[in-house]
Amino acid sequence: MGRRRARRARPALVFAPRARRHAFRDWKSFEALIGHEPSAAARSRFKRLRGLRPAQIADLIEDASSRERDDLFEHLHTDPELEADVIEELDDNDQAQVLKARDTADIAAVLSRMHADDVVDAILDLPQERRQPVLDALPPTQRRDVLRLMTYQDKTAGGLMGVEYLALGEDVTVQEARSAVRAADAQQPQSLAVVYVVDDTGRLAGSVDLVALLRADPAALLRDVAEAEPVSLVPTDDIIEVVNVMADYNLLSVPVVDDTEHILGVITVDDPLEEAIPEDWRQRERRTRSS
């Protein structure tokens with residue numbers, strides 16, 4: 001008998017389901033299952049960005065290395081509004097470093113999303129030769145507000161005030177005033193804590209805080225519910241006067257007026273409070289957070 005040839009076992013046929021098409025995803029959106037030390041800090045920060053407030057993200061950036069900062073800003077750049085809010089919250093030195101590294105158009109794009117009083121500080125921290133080109137690149141309305149604020153001395157009521165506030169006539173009803181507050185959705189919430197009342201000539205005649213406005217009869221006129229002779233400041237009042245006045249009268253905001261009692265701007269409590277915090281308190285807070 002001839003030798004039987006060994007039969008090679010055939011592999012079992014396996015019918016795999018047709019591969020699904022998956023949407024393309026950037027590799028940066030994946031996190032490694034095992035540690036990758038060089039990117040660990042940045043990846044953990046990206047994960048922590050979700051749900052953080054701009055001030056908290058600013059703290060992360062201030063404590064990050066140069067490479068980590070670049071990665072964080074690359075991540076923030078996909079959300080221009082959040083990026084501007086974060087840059088607004090950075091310490092002056094860190095903010096200046098971030099902005100100086102960008103071209104004029106990019107700086108103007110960021111500043112166009114910031115409030116005029118904060119834009120003034122940011123521009124003054126730029127090198128002298130870069131200020132005018134950035135100013136020229138701002139939207140016309142914002143540029144006008146910024147140039148007006150730049151005429152006032154730093155650390156004074158004029159230098160601290162913002163141009164966002166709500167002033168209405170004496171014959172406006174409470175219901176109309178409430179509607180005006182709702183419609184002012186582009187303003188900072190703290191600038192709407194008080195509605196200012198002006199007479200026919202535009203002079204400051206009174207003020208109504210938001211709680212009083214909610215409690216008042218909707219049909220009542222502002223002249224009848226406003227607090228007469230509200231506390232105000234003049235542009236030359238220094239930071240000590242600003243802080244003392246706001247503390248003495250428990251004010252969330254205070255108007256700054258000219259010599260004819262017309263409103264020039266409003267100071268909200270966050271700005272003088274920030275100026276009044278001693279530098280060593282800031283450093284102590286940062287050390288506590290990072291330890």
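# Briefing on a predicted protein model

E170 and R223 are joined by a salt bridge, their closest N and O atoms being 3.9 Å apart; the term denotes a side-chain nitrogen of Lys or Arg within 4 Å of a carboxyl oxygen of Asp or Glu. This pair links distant parts of the chain, with E170 in the loop between β1 (167–169) and α11 (174–183) and R223 in helix α13 (residues 222–225), 53 residues apart. The model is predicted: local features need pLDDT of at least 70 and side-chain atom pairs count only at pLDDT 80 or more, while totals for chains, interfaces and linings use all residues. Residues are numbered from 1 along each chain as its sequence is written, and side-chain values use heavy atoms, with hydrogens and water left out.

**Overall architecture**

- The protein contains 16 helices and six strands, both taken as DSSP runs numbered from the N terminus (helices H or I, at least four residues; strands E, at least two).
- Of the 291 residues in the protein, 36% are buried; buried means under 20% relative accessible area, exposed over 50%, and partly exposed in between (1.4 Å probe, protein chains only).
- The accessible surface comes to about 19200 Å², and carbon and sulfur atoms account for 51% of that area; the areas come from the Shrake-Rupley method with a 1.4 Å probe, and for residues only the protein chains shown count as cover.
- Among contacts (heavy atoms within 4.5 Å) between residues at least 6 apart in sequence, 56% join residues at least 24 apart.

**Salt bridges**

- Side chains of opposite charge can pair when their charged atoms come close.
- The protein has seven salt bridges in total.
- In the bridge between E170 and R223, the R223 partner is partly exposed, at a relative accessible area of 41%.
- E275 and K155 meet through their side chains at 2.4 Å, N to O. This pair also links distant parts of the chain, as E275 belongs to helix α15 and K155 to the loop between α9 (140–149) and α10 (157–160), 120 residues apart.
- E275 is partly exposed, with a relative accessible area of 34%, and K155 is partly exposed at 39%.
- R102 and D106 form a salt bridge of 3.8 Å, N to O; R102 is buried at 14% relative accessibility, whereas D106 is partly exposed at 23%.
- A network of salt bridges links E83, R102 and D106.

**Negative surface patch**

- D79, D85, E89, D92, D121, D125, D154, D270 and E274 form a negative surface patch. Patch members have over 30% relative accessible area and no salt bridge, and like charges are joined within 9 Å.
- Asp and Glu count as negative, while His and the chain ends are not counted; the charge is placed at CG of Asp or CD of Glu.
- Helices α4 (80–89) and α15 (270–276) each supply at least two residues of this patch.
- D85 is located in α4 and is partly exposed, with a relative accessible area of 31%.
- N93 belongs to helix α5 (residues 92–100) and is exposed, with a relative accessible area of 61%.

**Positive phi angles**

- Most residues other than glycine have a negative phi.
- K155 has a positive phi of about 65° although it is not a glycine.
- E229 also has a positive phi, near 50°; it lies in the loop between β4 (227–228) and α14 (239–248) and is exposed, with a relative accessible area of 74%.

Conventions: Patch = residues over 30% accessible without salt bridge, like charges linked within 9 Å, V, L, I, M, F, W, Y side chains within 5 Å.
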